[in-house]
Amino acid sequence: MKRNLVCLAMSRQYMEAHWEAVCGHANVVEQRGEEEPDIEALIQDNEENLRQCRERGLEYILIEENYQVDYQI
């Protein structure tokens with residue numbers, strides 16, 4: 001079975017500008033156990049994940065302005 005992996009990453013500017021929306025979806029993929037995530041820690045995690053995608057040649061979508069992804073798997 002072939003599996004496709006596409007990583008989603010957000011720019012620092014996007015996360016800062018849309019922090020309330022980001023927090024609203026903080027536990028969608030993983031249960032972080034925090035009431036409100038720490039903005040700087042989440043930004044650093046996101047930047048590290050993006051770096052890893054680039055380093056490993058993984059496909060990713062960088063969200064910089066609008067979060068509207070039209071991607072077919």
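I began with the cysteines, taking a disulfide to be a pair of cysteine sulfur atoms within 2.5 Å. A note on the ground rules: this is a predicted model, where local features need pLDDT of at least 70, side-chain atom pairs count only at pLDDT 80 or more, and totals for chains, interfaces and linings use all residues. Residues are numbered from 1 along each chain as its sequence is written, and side-chain values use heavy atoms, with hydrogens and water left out.

**Entry 1: cysteines.** How many disulfides does the structure hold? I found zero. The closest cysteine sulfur to that of Cys-7 belongs to Cys-53, and at 3.3 Å it is too far for a bond. I then checked burial (buried is under 20% relative accessible area, exposed over 50%, partly exposed in between, with a 1.4 Å probe and protein chains only). Cys-7 is buried at 18% relative accessibility, and Cys-53 is buried too, at 5%.

**Entry 2: overall layout.** I counted three helices and two strands, using DSSP runs numbered from the N terminus (helices are H or I with at least four residues, strands are E with at least two). Along the sequence they read β-α-α-α-β. Of the 73 residues in the chain, 21% are buried.

**Entry 3: the core.** Next I looked up nonpolar cores, meaning sets of buried Ala, Val, Leu, Ile, Met, Phe, Trp, Tyr and Cys residues joined through side-chain atoms within 4.5 Å. The largest one has seven residues: Tyr-14, Met-15, Trp-19, Val-22, Leu-42, Ile-43 and Ile-63. At least two residues of this core come from each of helix H1 (12–17), helix H2 (19–24) and helix H3 (39–56).

Entry 4: Is Asn-46 buried or exposed? It sits in helix H3 and is buried, at 9% relative accessible area. For its contacts (heavy atoms within 4.5 Å), I set aside residues up to four places away in sequence and found Leu-8, Ala-9, Met-10, Ser-11 and Met-15. Ser-11 lies in the loop between strand S1 (7–10) and H1, and at 10% relative accessibility Ser-11 is buried. Beyond its neighbours within four places in sequence, Ser-11 touches Asn-46, Leu-62, Ile-63 and Glu-64.

**Entry 5: whole-chain totals.** Among contacts in the chain with a separation of 6 or more, 60% join residues 24 or more positions apart.
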